[in-house]
Amino acid sequence: MKVRNYIYILLAGIVTLASCKKSFLEEENPTAVAVESSITTETGMLTAISGMYTSMKSYTLFGRNLPVLGDLLADNSYVSITNSGRYLTENNYTYIATASEIDEIWSQAYNTILQANRILYASVPASDNVNQLRGEAYATRALVYLQLVNLYGQPYTVNPSAAGVPIVTQPTYTTGAFTKPARSSVSAVYDRIITDLDSAYTLMPATTPAIHDANSNFLSKYAAKAIEARAYLYKGDYANARDAALLVANNGGFSLAASSSAFSAYWASATNRTDKLETIFELNMSSTVNNGYNGLDAIYNQDGYGDVLCTDDLYNSYTATDFRKSLILDGTRTPYQAYIVNKYQNVLQSDRDEVKVVRYAEVLLTLAESYAQLGDSGEALTYLNRVAQLRDPSLAAYTATGTTLVADILNERRKELAFEGYRFFDLTRTAAVINRPQEGAKSAASIATVTTANTRRILPIPQVEINANASITQNPGY
Amino acid sequence: MGKVVGADDGLSLPGVSVKLQGTQKGVLTDGDGNFVLPASTGQTLEFSFVGYKIQQLVIPAGNLPLIKLKQDSRLLSEVVVTDGYSTTTKKAYTGSATTVKGSQNENKPFSTPQQALQGEVAGLAVSVNSGQPGANIQVRLRGLGSTYLDANPLYVIDGMIINSGDLSRSATTANAMAGINENDIESIQVLKDAAATAIYGSRGSNGVIIITTKRGKNGKTQVRFDAEGGVTTNMAIPDAGKPLTASQYGELYTEGLKNAGYSAATILSSQNAYGINSGQSNNWYDLVTKRGSQQQYNVSVNGGSDNTKVFSSLGYFHQDATTLNSKLTRISGLLNIDHNISKRISISTNLNVSNVNQNTPYNSTYYSAPIASAYFLRPYQLAYNADGSLNSSTSGGTNFPSFYNPLYISQNDVHGLSQTRGLIGETLKWTIWDQLKFTSFASIDYNVLEETYYANPTMGDGSVYGGYGGDYYTRYFNWLTRNQLDYRYNVKGVQDFYIDATVGYEAQRSQENYVTAEGTGYAASAPTLTTLSLASTPVTAQGTYSNYTYNSIYSRFSANYKNKYVLSGSFRRDGSSKFGSNVKYGNFWSVGGSWNIDEENFFKQQNIVSAAKLHASYGTSGNANGLGNYASKGSATISSDYTYAGYSGANYDVIGNNSLTWESARKFDIGIDLSFFKNRLTISPEYYHNSINGLIQNVAVSQTTGFSNAIENIGAMLNKGLELTIQGVPIKSKDFTWSTNFNVAFNRNKMTSVAEGTTGVHDTYYYLAKGLDYYSYYTKQYAGVNPANGDALWYTDATRTKTTTNYAEAKYVVNHQADPKMFGGFNNTWNYKGFSLTAEFYYNFGNYVYDPIGRYFSGGAYSSYNKYQYIYTNRWTTPGQVTDVPKYVVGGIADNNGSDAAVSSRYWYSGDYIRLKNLSLGYDFKDVGLLKRLGLSKLNVYVRGTNLWTKTYDSRLPFDPEVDINGYNSLSIPKVKTYTVGINVGL
């Protein structure tokens, strides 16, 4: 055979068997980044922070379900007989493990935790900007766990060793899709919450650095501390609650509305704040990205679904001179008279109401309650009256002491934080019987009394989680 | 060395036995008809080949002339199998493959090749559920091969693995293969078993359909002209499902009001609100359908010399369905050139360009869907105003408060698709030396889809926006390259024993790119101007791309001893960008063997069986069609939805699965081909057993991961069955011939493993469980009507003993399945002198079909919609009456809590049918003298009708039983009958 033939064969062989580079099999998604390498810079981390907040503000979590249930399960609100079918089982304490809101909260909470874990797992060289963003992620994770453990687990004040919720601190790409974590104890979840909030407070600079705007739409150093005060309060650790709340009160720079007009203007506004008035942290609902018809404003406002109404009992608890009474309208939910929640007023605007998550008044009332529980009635009354008398200038100052003072503070919390999702936790952490005002024909089916023995004081673990996760246990009674 | 070709077509003949007379020397020709046999001038060569006459040649001095074998007119003419990688003879082939000759389907009024394939291949289920010309068509080979991914076969055209299916983004339905002209197809091969499909690796397990286009033939240039024209008309709706006439509707409605206990005054005002006493009505089905047209014209040129051959064609095809505005126009061209550069090097070029233009009205129950409107609208809702203009009022009982006026929509809205495809291929063949060949192939599959949507501002989906429009541009650039070495080794010292070995490398990349623009606000004053530029407010601007790659090495070998024993094997290693990082590459293999019993000496002792071949194979192939291009990668998506407080955001929203990969089928196949009476009768039974592992399921995961579901290769499924093909020529005389082809397939599908937690209801009406057919229905069981009072009854137990009037208490039961247990085709051709009559039947048995909208057309709870004829005829009216249609009560029967028409087994029907798919009568002018005088070489005229007759087996059935593969009647554009007259002229 000629040499030339061998050359030909060689040539053909090379062409035939020459394979492409391995990178030929790597195709990159044009609208997404591989999650492992998605955060390598400060701006990459900021993009992830935006994703985290949008997850958090979903109507299935802070955007509606959490603030609604926090009042509906207690004594502040009820579902009208004329309704769109939402929240009926919660109104009547008949929810089961397949109820949609039960699963929505659980799944969206862990989605938000996932977004936070992704940020905390990224390695970007430390800087003020990075510390700020990591602090926001820590504070978010803690805030979500605080909600989860109080909804799906026993109150810490009732049984800290009871089953809480699974603690997930790593992003799913490191654990794999088929991980099946078990529930940690309530106290373990609280330990995680406190640790995260301490990290957040330590990491974040006192002045928000330039990475993003400094306004109420972003968690800040003192927002983390305020959430920590709430966590300690729920835990019944009043000394630490006091210390945390004091840090916010003394160093945070926040203030309350000083006049009726300032108060009205505050609640009428749909935009974020840079003046540290009232709001410590609220979730942005812009004209382009908001919850639309599923928004918190739409479930209360009669221009939206308008299903959830204020109980007569709560309305009547405000004095005529209380500014806060103006946030509830005496109106009609066809065909009945009804008290209509008007805290969120921009349902018809393109720029919708921000969802309040942490307000300064809560911190002051936490401070009052902590002092009262620690036996310092004087300090307690100072902070209680500061809030109460600003809201109702005609109010005679509170003077009680002991358990009456604690009851006064809890009552003031009810009036101040109504429709922001606190009341249910105030009743469960104090192991109180929940007496739910009965609104007769105006209301969809509703039970009057929730005793401390009622197992529905704790939500069921969603059935889909039970089905998919063999390690998890259901709460008693479901 | 020499080359053997067919005398009639000049195509090379592989596998021809070449013997040197007076010696033991002999050899078989290779895939290109070449052979090498040392011999000297003056010796005699003998060429023999199945289906051809034996020919002898005395070796002349110098080069051998081209050897042209003449056909021995026998039935078994499908002698060559081409699978995209190599060409071999049927005898030497170890796999299971069925060939459909292109000529069989030329000039049929079918807009896609899949439609024509229906009933022609045993085991190939083709569901033509839409009469929209150019509709996507679901095809299943040997049962359902995948539940989460695409279960359609892989399509290969002239060696190119194409993007197939419905590539559109706006059109109601589209078919990437609608651009293929049936008259350009030389043959279609359907590859079935492992020996045939393993060479396609991770994409072959649902079968592979190989389309080979026509190529130029040696000899006098032939010019052919085909023309046909005709009409399309409605296939009759079964009597049970005809919408009621105006007077019937009025009567039923009035009776329903009376039964509901309304006062005479209320009844009168309700009647008047619906215009029942107005004396004005119309027949909606007649209004939304019409007689359509069907035309096609094809011209082709075919010719060449020994060194250069050309086939070129131009085609035009137009079809109007009978439904308003449902139409397709195709223009296609093909240019195939084969050229020998030298004795050892040849090149081939394919160039296939087509444009398909469609308008696709909505189907299903959209308010804008014409067929849904024809059923839902009452006869008293009036299409036209008193002045003859179209009624566009959306309030009032005689106007259109919900479903729109379909005439207004069809006149004003646009739902169009223009699909332009270019398929370009280039092959270089180089015979390095006699035993070693190198083939290099490169191909581009270029697809552009331009879709336009326009909803007018006055009535319909666009009215709330003041008109809504969109332009959707989608482009697919898909390239493939393949380099292959073929080596033939003639085993020394053993006559007629050779080994073929092939090794190759293949790479493919498909790039999809798309842009979407939408806008609202059109001027109502200019209703004919519909382009997007006229929209006053832009609402959507999106553009992105999506790509995938494959990278493969493959090899195969085949040992052939005297064409008697053949053993083959194949191996392919596939890598794809779609697969998870843990499993980037997969290996696929097969072994197969065939024993041509008719080559044995003992066989020649008898003369009843004229040919016999036993073949069997085992191996693996995979399925990854439909796997998301980026589904395996956990990723954070950047989207405006994640923008927060003005800062753009990304959310970790794709869970990913690094172990996500192809579904793998282990296939076993055994079959025998037996021919009797000099091949007048051929019987080919075949058994297969396909076990699919790693079936992808959507599995619920712990939500603590931040996700609810992940897809995982976790399930398993089995398809096993039997196929039988019988071909025969029962009568053959000088003037009269009857040839027949019958095929039937039986398939049994069952889940053999399902992921934990997925057992239970799937897709609302089916039940997923180990041991069940995937498409097992799951529904409440209807128990008929209480003859005493007309109430609907349901069973409360699976054994059907106790009944209830409370629908909520009725029990769900697994019953019947959506996929057929038996289906096939039965085709006959009778030739008498120049006349030829062809009748082709398709049949389908053993499945049930479901009418998801049946309840709207059955119960008084939905009294505002028109009703089926069956309801009117059989409704309960008198105590003691035995029927299966409850009393008609507006608002529903009180005893049933108004649920008398709720979903139950009542809306499931036997899906059995036989259809006369095609009937044609032609006359071939054989008078040579006449043809000569006309200057023609061929003249043929024909008349043809399609879908002329259908036999169903359920008198309650309200619609055509040929529905979607999952058994749903989705109110698609109805199929049509066509009547055409055509002429074929050869110059």
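The model is predicted, with local features requiring pLDDT of at least 70, side-chain atom pairs counted only at pLDDT 80 or more, and totals for chains, interfaces and linings using all residues. Residues are numbered from 1 along each chain as its sequence is written, while chains are lettered from A and ligands numbered from 1 in the order in which they are written.

The contact (C-beta atoms, placed from the backbone, within 7 Å) draws 60 residues from chain A and 56 residues from chain B. On the side of chain A that touches chain B, 30 residues are nonpolar, 25 polar and five charged; Ala, Val, Leu, Ile, Met, Phe, Trp, Tyr, Cys and Pro count as nonpolar, Asp, Glu, Lys and Arg as charged, and the others, Gly among them, as polar.

Turning to a single helix (a DSSP run of H or I, at least four residues, numbered from the N terminus), H16 of chain A covers residues 402-416. Buried here (20 or more other C-beta atoms within 10 Å of a residue's own, against 12 or fewer for exposed and partly exposed in between, with C-beta atoms placed from the backbone) are A:Leu405, A:Asp408, A:Ile409, A:Glu412, A:Arg413 and A:Lys415. Seen down the axis of H16(A), these buried residues fall within an arc of 165° (taken from the directions from the helix axis to the C-beta atoms), so they line one face of the helix. The face turned away from that buried side carries the exposed A:Thr403 and A:Thr404. As for partners, the buried residues of H16(A) pack against H13 (312-317), H14 (360-373), H15 (377-391) and H17 (423-429) of chain A.

Technical notes:
Contact = placed C-beta atoms within 7 Å. Helix = DSSP H or I, 4+ residues; strand = E, 2+ residues; numbered from the N terminus. Expected span 1.5 Å × (residues − 1).
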